[in-house]
Amino acid sequence: MWTKNNMPDQTGKIAIVTGGNTGIGYETALALYEAGAHVIIACRDAERATEAIDTMKSTGGKGSLEFGLLNLANLGAIKSFAEYFKQKHQRLNMLINNAGVMMPPASKTDDGFELQFGVNFIGHFALTAHLYPVLKSTAHCRVVSVSSGASTFVDHIDYDNLKLEKPYEEMREYATSKLANVYFASELQRRAQPFSNLMSNAVHPGVVYTELQRHIPKDQLEIAFSKYKKVSDPWQGALPSLFAATSPSASGGAYYGPDGENEQSGYPALSQRITPAMKDESKAAELWNYAEEVTGLKFPY
Ligand SMILES: NC(=O)c1ccc[n+]([C@@H]2O[C@H](COP(=O)([O-])OP(=O)(O)OC[C@H]3O[C@@H](n4cnc5c(N)ncnc54)[C@H](OP(=O)(O)O)[C@@H]3O)[C@@H](O)[C@H]2O)c1
(Lines give C-alpha, C1' and ligand atoms only; values in the text may rest on other atoms or scores of the structure.)
Protein backbone atom coordinates (compact mmCIF):
# COMPACT_ATOMS: atom_id res chain seq x y z
CA MET A 1 0.00 0.00 0.00
CA TRP A 2 1.78 3.17 -1.26
CA THR A 3 0.91 6.43 0.51
CA LYS A 4 2.48 9.87 0.52
CA ASN A 5 4.61 8.71 3.47
CA ASN A 6 6.48 6.50 1.00
CA MET A 7 7.57 9.51 -1.01
CA PRO A 8 11.30 10.14 -1.06
CA ASP A 9 12.41 13.47 0.38
CA GLN A 10 11.75 16.18 -2.24
CA THR A 11 14.06 18.85 -0.88
CA GLY A 12 15.65 20.83 -3.69
CA LYS A 13 13.09 19.71 -6.28
CA ILE A 14 10.93 22.18 -8.20
CA ALA A 15 7.36 21.24 -9.12
CA ILE A 16 4.50 22.89 -10.97
CA VAL A 17 0.99 21.69 -10.15
CA THR A 18 -1.69 23.07 -12.44
CA GLY A 19 -4.99 23.57 -10.64
CA GLY A 20 -3.11 23.33 -7.35
CA ASN A 21 -5.58 25.55 -5.50
CA THR A 22 -8.25 22.92 -4.92
CA GLY A 23 -9.22 19.24 -5.06
CA ILE A 24 -6.69 16.68 -6.21
CA GLY A 25 -4.23 19.35 -7.31
CA TYR A 26 -4.30 20.94 -3.86
CA GLU A 27 -3.50 17.63 -2.18
CA THR A 28 -0.78 16.87 -4.72
CA ALA A 29 0.86 20.25 -4.15
CA LEU A 30 0.50 19.98 -0.38
CA ALA A 31 2.17 16.56 -0.23
CA LEU A 32 5.08 17.72 -2.41
CA TYR A 33 5.49 20.83 -0.25
CA GLU A 34 5.38 18.76 2.94
CA ALA A 35 8.09 16.53 1.48
CA GLY A 36 10.37 19.53 0.86
CA ALA A 37 9.75 20.58 -2.75
CA HIS A 38 9.40 24.13 -4.02
CA VAL A 39 5.90 24.02 -5.50
CA ILE A 40 4.41 26.49 -7.95
CA ILE A 41 0.64 26.56 -7.61
CA ALA A 42 -0.33 27.33 -11.19
CA CYS A 43 -3.91 28.50 -11.32
CA ARG A 44 -6.18 31.11 -12.79
CA ASP A 45 -7.36 32.93 -9.68
CA ALA A 46 -4.84 34.78 -7.50
CA GLU A 47 -7.21 35.05 -4.56
CA ARG A 48 -8.01 31.34 -4.49
CA ALA A 49 -4.32 30.52 -4.88
CA THR A 50 -3.30 32.77 -2.00
CA GLU A 51 -5.94 31.21 0.21
CA ALA A 52 -4.74 27.72 -0.71
CA ILE A 53 -1.10 28.64 -0.15
CA ASP A 54 -1.90 30.12 3.27
CA THR A 55 -3.73 26.96 4.29
CA MET A 56 -0.88 24.77 3.05
CA LYS A 57 1.67 26.88 4.92
CA SER A 58 -0.30 26.44 8.15
CA THR A 59 0.61 22.73 8.01
CA GLY A 60 4.27 23.67 8.34
CA GLY A 61 5.64 21.76 5.36
CA LYS A 62 9.39 21.86 4.88
CA GLY A 63 9.31 23.04 1.27
CA SER A 64 8.23 26.36 -0.18
CA LEU A 65 5.30 27.64 -2.21
CA GLU A 66 4.82 30.11 -5.01
CA PHE A 67 1.82 31.27 -7.03
CA GLY A 68 1.88 31.44 -10.81
CA LEU A 69 -1.03 32.84 -12.79
CA LEU A 70 -2.10 30.30 -15.40
CA ASN A 71 -5.27 30.33 -17.46
CA LEU A 72 -5.28 27.16 -19.52
CA ALA A 73 -8.14 28.45 -21.66
CA ASN A 74 -5.90 31.01 -23.36
CA LEU A 75 -2.74 30.15 -25.30
CA GLY A 76 -1.28 33.62 -24.79
CA ALA A 77 -1.75 33.36 -21.02
CA ILE A 78 -0.06 29.95 -21.02
CA LYS A 79 2.94 31.44 -22.80
CA SER A 80 3.06 34.29 -20.26
CA PHE A 81 3.04 31.83 -17.37
CA ALA A 82 5.86 29.81 -18.95
CA GLU A 83 7.90 32.98 -19.50
CA TYR A 84 7.35 34.02 -15.90
CA PHE A 85 8.49 30.58 -14.75
CA LYS A 86 11.56 30.51 -17.00
CA GLN A 87 12.68 33.93 -15.79
CA LYS A 88 12.70 32.68 -12.20
CA HIS A 89 13.76 29.06 -12.53
CA GLN A 90 16.40 27.20 -14.51
CA ARG A 91 15.06 23.70 -13.92
CA LEU A 92 11.80 21.84 -13.42
CA ASN A 93 11.72 18.41 -11.81
CA MET A 94 7.98 17.74 -11.84
CA LEU A 95 5.24 19.07 -14.06
CA ILE A 96 1.87 17.84 -12.84
CA ASN A 97 -0.68 18.56 -15.55
CA ASN A 98 -3.64 18.23 -13.23
CA ALA A 99 -6.12 21.08 -13.85
CA GLY A 100 -9.35 20.13 -15.49
CA VAL A 101 -12.92 21.01 -16.21
CA MET A 102 -15.79 18.53 -16.55
CA MET A 103 -19.17 18.84 -18.23
CA PRO A 104 -19.49 22.65 -18.27
CA PRO A 105 -22.18 24.30 -20.36
CA ALA A 106 -21.14 24.28 -24.02
CA SER A 107 -18.38 26.84 -24.42
CA LYS A 108 -15.01 27.44 -26.03
CA THR A 109 -11.56 28.54 -24.96
CA ASP A 110 -10.35 31.95 -26.09
CA ASP A 111 -8.67 30.19 -29.01
CA GLY A 112 -11.85 28.46 -30.14
CA PHE A 113 -11.48 24.92 -28.80
CA GLU A 114 -14.33 23.15 -27.01
CA LEU A 115 -13.62 24.07 -23.39
CA GLN A 116 -12.83 20.62 -22.01
CA PHE A 117 -10.58 19.63 -24.92
CA GLY A 118 -9.01 23.09 -24.89
CA VAL A 119 -8.24 23.28 -21.17
CA ASN A 120 -7.64 19.64 -20.30
CA PHE A 121 -5.52 18.75 -23.34
CA ILE A 122 -4.54 21.67 -25.61
CA GLY A 123 -3.68 23.90 -22.64
CA HIS A 124 -1.41 21.30 -21.08
CA PHE A 125 0.12 20.45 -24.45
CA ALA A 126 1.04 24.12 -24.92
CA LEU A 127 2.29 24.47 -21.35
CA THR A 128 4.54 21.44 -21.68
CA ALA A 129 5.83 22.64 -25.05
CA HIS A 130 6.80 26.02 -23.61
CA LEU A 131 8.48 24.38 -20.62
CA TYR A 132 10.18 21.63 -22.62
CA PRO A 133 13.57 23.35 -22.89
CA VAL A 134 13.70 23.61 -19.09
CA LEU A 135 12.56 20.02 -18.63
CA LYS A 136 15.17 18.83 -21.11
CA SER A 137 17.96 20.60 -19.31
CA THR A 138 16.94 19.28 -15.88
CA ALA A 139 18.88 16.19 -14.81
CA HIS A 140 15.78 14.17 -13.92
CA CYS A 141 12.25 15.30 -14.57
CA ARG A 142 8.79 13.83 -14.69
CA VAL A 143 5.64 14.95 -16.44
CA VAL A 144 2.37 13.59 -15.05
CA SER A 145 -0.85 13.88 -17.05
CA VAL A 146 -4.01 13.48 -14.99
CA SER A 147 -6.54 11.59 -17.07
CA SER A 148 -9.72 9.81 -15.96
CA GLY A 149 -11.55 6.51 -16.11
CA ALA A 150 -13.75 8.40 -18.57
CA SER A 151 -10.96 8.03 -21.14
CA THR A 152 -12.40 4.57 -21.82
CA PHE A 153 -15.78 6.00 -22.89
CA VAL A 154 -14.61 6.97 -26.39
CA ASP A 155 -12.45 5.07 -28.84
CA HIS A 156 -11.15 7.89 -30.99
CA ILE A 157 -10.55 11.62 -31.25
CA ASP A 158 -13.19 13.16 -33.49
CA TYR A 159 -11.21 15.79 -35.36
CA ASP A 160 -14.41 17.19 -36.81
CA ASN A 161 -15.71 18.09 -33.38
CA LEU A 162 -12.90 19.68 -31.38
CA LYS A 163 -14.32 23.16 -31.81
CA LEU A 164 -17.94 22.37 -30.94
CA GLU A 165 -18.92 21.70 -34.54
CA LYS A 166 -21.43 18.97 -33.55
CA PRO A 167 -24.31 19.06 -31.05
CA TYR A 168 -22.67 19.20 -27.62
CA GLU A 169 -22.43 15.98 -25.62
CA GLU A 170 -20.76 17.01 -22.41
CA MET A 171 -19.55 13.59 -21.25
CA ARG A 172 -18.36 12.54 -24.71
CA GLU A 173 -16.34 15.75 -24.98
CA TYR A 174 -14.89 15.24 -21.48
CA ALA A 175 -13.96 11.65 -22.35
CA THR A 176 -12.29 12.84 -25.55
CA SER A 177 -10.14 15.30 -23.60
CA LYS A 178 -9.16 12.56 -21.15
CA LEU A 179 -8.27 10.09 -23.92
CA ALA A 180 -6.15 12.92 -25.31
CA ASN A 181 -4.34 13.15 -21.94
CA VAL A 182 -3.41 9.47 -22.20
CA TYR A 183 -2.18 9.90 -25.78
CA PHE A 184 -0.17 12.94 -24.76
CA ALA A 185 1.56 11.12 -21.90
CA SER A 186 2.54 8.10 -23.96
CA GLU A 187 3.62 10.11 -27.01
CA LEU A 188 5.70 12.44 -24.86
CA GLN A 189 7.45 9.43 -23.35
CA ARG A 190 8.25 8.11 -26.83
CA ARG A 191 9.35 11.45 -28.28
CA ALA A 192 11.49 12.33 -25.26
CA GLN A 193 13.42 9.06 -25.42
CA PRO A 194 16.57 10.62 -26.91
CA PHE A 195 16.72 12.61 -23.68
CA SER A 196 16.24 9.82 -21.19
CA ASN A 197 16.13 12.31 -18.32
CA LEU A 198 12.39 12.74 -18.85
CA MET A 199 9.70 10.35 -17.62
CA SER A 200 6.12 10.85 -18.76
CA ASN A 201 3.15 9.04 -17.26
CA ALA A 202 -0.61 9.25 -17.21
CA VAL A 203 -2.66 8.64 -14.11
CA HIS A 204 -6.29 8.57 -13.10
CA PRO A 205 -7.43 9.35 -9.57
CA GLY A 206 -10.50 7.10 -9.33
CA VAL A 207 -13.76 8.67 -8.22
CA VAL A 208 -13.18 11.62 -5.92
CA TYR A 209 -15.42 14.21 -4.28
CA THR A 210 -14.12 17.58 -5.53
CA GLU A 211 -15.31 20.73 -7.22
CA LEU A 212 -14.91 18.96 -10.57
CA GLN A 213 -18.57 18.02 -10.32
CA ARG A 214 -19.59 21.70 -9.92
CA HIS A 215 -21.47 21.74 -13.24
CA ILE A 216 -23.61 18.70 -12.45
CA PRO A 217 -26.97 19.40 -10.72
CA LYS A 218 -26.93 18.15 -7.12
CA ASP A 219 -29.73 15.61 -7.53
CA GLN A 220 -28.07 14.10 -10.61
CA LEU A 221 -24.75 13.98 -8.83
CA GLU A 222 -26.23 12.13 -5.86
CA ILE A 223 -27.71 9.51 -8.19
CA ALA A 224 -24.42 9.15 -10.07
CA PHE A 225 -22.33 8.84 -6.90
CA SER A 226 -24.77 6.43 -5.25
CA LYS A 227 -23.76 3.88 -7.91
CA TYR A 228 -20.19 3.82 -6.65
CA LYS A 229 -19.26 1.58 -3.74
CA LYS A 230 -16.50 3.89 -2.64
CA VAL A 231 -15.79 7.54 -3.40
CA SER A 232 -12.37 8.86 -2.39
CA ASP A 233 -11.32 12.03 -0.66
CA PRO A 234 -8.97 14.31 -2.60
CA TRP A 235 -5.86 13.22 -0.63
CA GLN A 236 -6.40 9.69 -1.89
CA GLY A 237 -7.14 10.86 -5.43
CA ALA A 238 -3.74 12.57 -5.38
CA LEU A 239 -1.80 9.36 -4.69
CA PRO A 240 -1.48 8.14 -8.31
CA SER A 241 -0.09 11.56 -9.30
CA LEU A 242 2.33 11.55 -6.37
CA PHE A 243 3.43 8.02 -7.14
CA ALA A 244 4.06 8.83 -10.80
CA ALA A 245 5.87 12.04 -9.88
CA THR A 246 8.14 10.70 -7.13
CA SER A 247 8.31 6.95 -6.73
CA PRO A 248 11.58 5.24 -7.71
CA SER A 249 9.35 2.31 -8.77
CA ALA A 250 7.43 4.31 -11.38
CA SER A 251 8.39 3.72 -14.98
CA GLY A 252 7.87 5.88 -18.05
CA GLY A 253 4.92 5.46 -20.40
CA ALA A 254 2.82 3.81 -17.69
CA TYR A 255 -0.75 4.50 -16.59
CA TYR A 256 -1.41 4.45 -12.87
CA GLY A 257 -4.66 4.50 -10.93
CA PRO A 258 -6.08 3.30 -7.64
CA ASP A 259 -5.99 -0.45 -7.00
CA GLY A 260 -9.48 -0.90 -5.46
CA GLU A 261 -12.59 -2.40 -7.01
CA ASN A 262 -13.13 -1.02 -10.53
CA GLU A 263 -10.26 1.36 -9.75
CA GLN A 264 -12.67 3.73 -8.03
CA SER A 265 -10.44 4.20 -5.00
CA GLY A 266 -7.45 2.64 -3.33
CA TYR A 267 -3.69 2.96 -3.60
CA PRO A 268 -1.49 3.49 -6.66
CA ALA A 269 -1.01 0.56 -9.02
CA LEU A 270 -0.69 0.01 -12.75
CA SER A 271 -4.14 0.65 -14.18
CA GLN A 272 -6.00 -2.15 -15.91
CA ARG A 273 -8.55 0.27 -17.35
CA ILE A 274 -6.83 0.42 -20.71
CA THR A 275 -8.73 0.08 -23.97
CA PRO A 276 -7.16 -0.84 -27.32
CA ALA A 277 -7.72 2.77 -28.41
CA MET A 278 -5.65 4.08 -25.49
CA LYS A 279 -2.70 1.91 -26.59
CA ASP A 280 -2.85 2.95 -30.25
CA GLU A 281 0.47 4.67 -30.92
CA SER A 282 -0.52 5.89 -34.37
CA LYS A 283 -3.55 7.68 -32.89
CA ALA A 284 -1.33 9.25 -30.24
CA ALA A 285 1.10 10.47 -32.90
CA GLU A 286 -1.79 11.82 -34.99
CA LEU A 287 -3.07 13.84 -32.03
CA TRP A 288 0.40 15.17 -31.30
CA ASN A 289 0.78 16.37 -34.89
CA TYR A 290 -2.66 17.97 -34.74
CA ALA A 291 -1.79 19.78 -31.50
CA GLU A 292 1.50 21.07 -32.90
CA GLU A 293 -0.29 22.37 -35.94
CA VAL A 294 -3.17 24.14 -34.18
CA THR A 295 -1.05 25.65 -31.43
CA GLY A 296 1.85 26.50 -33.71
CA LEU A 297 4.10 24.99 -31.03
CA LYS A 298 6.67 22.42 -32.02
CA PHE A 299 8.52 20.86 -29.15
CA PRO A 300 12.17 21.94 -29.47
CA TYR A 301 13.85 18.54 -29.83
N1 LIG B 1 -12.69 14.21 -9.10
C2 LIG B 1 -12.75 13.09 -9.79
O3 LIG B 1 -13.53 12.17 -9.47
C4 LIG B 1 -11.85 12.89 -10.97
C5 LIG B 1 -11.96 11.68 -11.68
C6 LIG B 1 -11.16 11.48 -12.78
C7 LIG B 1 -10.27 12.45 -13.18
N8 LIG B 1 -10.19 13.62 -12.49
C9 LIG B 1 -9.23 14.64 -12.98
O10 LIG B 1 -8.48 15.13 -11.90
C11 LIG B 1 -8.01 16.45 -12.19
C12 LIG B 1 -8.26 17.36 -11.00
O13 LIG B 1 -9.66 17.47 -10.83
P14 LIG B 1 -10.36 17.71 -9.42
O15 LIG B 1 -11.28 16.58 -9.22
O16 LIG B 1 -9.38 18.04 -8.39
O17 LIG B 1 -11.26 18.98 -9.81
P18 LIG B 1 -11.39 20.45 -9.17
O19 LIG B 1 -11.44 20.33 -7.70
O20 LIG B 1 -12.51 21.09 -9.90
O21 LIG B 1 -10.02 21.12 -9.59
C22 LIG B 1 -9.78 21.44 -10.92
C23 LIG B 1 -8.71 22.49 -10.99
O24 LIG B 1 -8.53 22.86 -12.37
C25 LIG B 1 -8.54 24.27 -12.43
N26 LIG B 1 -8.95 24.80 -13.73
C27 LIG B 1 -10.11 24.62 -14.38
N28 LIG B 1 -10.12 25.36 -15.51
C29 LIG B 1 -8.92 26.00 -15.57
C30 LIG B 1 -8.33 26.91 -16.46
N31 LIG B 1 -8.97 27.37 -17.54
N32 LIG B 1 -7.08 27.37 -16.19
C33 LIG B 1 -6.41 26.97 -15.10
N34 LIG B 1 -6.93 26.12 -14.20
C35 LIG B 1 -8.17 25.64 -14.44
C36 LIG B 1 -9.53 24.69 -11.34
O37 LIG B 1 -9.39 26.07 -11.06
P38 LIG B 1 -10.56 26.88 -10.29
O39 LIG B 1 -10.48 26.47 -8.88
O40 LIG B 1 -10.19 28.30 -10.55
O41 LIG B 1 -11.84 26.50 -10.95
C42 LIG B 1 -9.06 23.78 -10.24
O43 LIG B 1 -7.92 24.30 -9.65
C44 LIG B 1 -8.75 16.88 -13.46
O45 LIG B 1 -7.90 16.77 -14.57
C46 LIG B 1 -9.89 15.87 -13.57
O47 LIG B 1 -10.30 15.67 -14.90
C48 LIG B 1 -10.96 13.87 -11.39
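1. Rings of Phe, Tyr and Trp (for Trp, the six-membered ring) count as a pair when their centres lie within 6.5 Å; planes under 30 degrees apart are called stacked, over 60 edge-to-face, and the rest tilted. By that rule, a search of the whole structure finds 16 aromatic pairs. A pair of aromatic rings is described by the distance of the centres and the angle of the planes.

2. A word on the basis. This is a predicted model, in which local features need pLDDT of at least 70 and side-chain atom pairs count only at pLDDT 80 or more, while totals for chains, interfaces and linings use all residues. Residues are numbered from 1 along each chain as its sequence is written, and side-chain values use heavy atoms, with hydrogens and water left out.

3. Start with the stacked pair. Phe 184 and Trp 288 sit 5.5 Å centre to centre, with 10° between the planes. Phe 184 belongs to helix H5 and Trp 288 to helix H9 (residues 281-295), so this pair ties together parts that are 104 residues apart in sequence. Helices (H or I, at least four residues) and strands (E, at least two) are DSSP runs, numbered from the N terminus. Both Phe 184 and Trp 288 are buried. Here buried means under 20% relative accessible area, exposed over 50%, and partly exposed in between (1.4 Å probe, protein chains only).

4. The next pair is edge-to-face. Phe 243 and Tyr 256 are 4.9 Å apart, centre to centre, with 70° between the planes. Phe 243 is in helix H8 (residues 239-246) and Tyr 256 in strand E7 (residues 255-258), so the pair ties together parts that are 13 residues apart in sequence. Phe 243 is buried, at a relative accessible area of 9%. Tyr 256 is buried too, at 3%.

5. Which residues do ring pairs link into a cluster? The members are Phe 117, Phe 121, Phe 125, Tyr 132, Tyr 159, Phe 184, Trp 288, Tyr 290 and Phe 299. The stacked pair of Phe 184 and Trp 288 is thus part of this cluster.

6. Now the ligand. There are 29 residues around the ligand, and Asn 21, Arg 44, Arg 48, Tyr 174 and Thr 210 come nearest. A residue is counted as near if one of its heavy atoms lies within 4 Å of the molecule. The shell divides into 12 nonpolar, 12 polar and 5 charged residues. In this tally Ala, Val, Leu, Ile, Met, Phe, Trp, Tyr, Cys and Pro are nonpolar, Asp, Glu, Lys and Arg are charged, and the others, Gly among them, are polar.

7. One runs from an N or O atom in the side chain of Thr 210, at 2.6 Å. A polar side-chain atom of Tyr 174 lies 2.7 Å from an oxygen atom of the ligand. Asn 98 uses a polar backbone atom, also 2.7 Å from a ligand oxygen. The cut-off for a polar contact is a pair of N or O atoms within 3.5 Å. Taken alone, the ligand exposes 900 Å², and the protein buries 97% of that. Helix H1 (23-34) and helix H5 (170-191) are the elements that give two or more residues to the shell.

8. Charges next. The whole structure holds 13 salt bridges, each a side-chain nitrogen of Lys or Arg within 4 Å of a carboxyl oxygen of Asp or Glu. One joins Glu 34 and Lys 4 at 3.0 Å, N to O. Glu 34 is in helix H1 and Lys 4 in the segment before strand E1 (14-18), 30 residues apart. Glu 34 is partly exposed at 28% relative accessibility. Lys 4 is partly exposed at 32%.

9. What does Arg 190 meet in a salt bridge at 3.0 Å, N to O? Its partner is the side chain of Glu 187. Both lie in helix H5, 3 residues apart, about one turn of the helix. Glu 187 is buried, with a relative accessible area of 5%, whereas Arg 190 is partly exposed at 30%.

10. Arg 190 also forms a salt bridge with Glu 281, the closest N and O atoms being 3.7 Å apart. Glu 281 is partly exposed, at 47%. Glu 187, Arg 190, Arg 191 and Glu 281 are linked in a network of salt bridges.

Methods:
A polar contact is a pair of N or O atoms within 3.5 Å; within protein, one must be able to donate a hydrogen and the other to accept it, and residues adjacent in sequence count only if both atoms are side-chain atoms. Accessible areas come from the Shrake-Rupley method with a 1.4 Å probe; for residues, only the protein chains shown count as cover.
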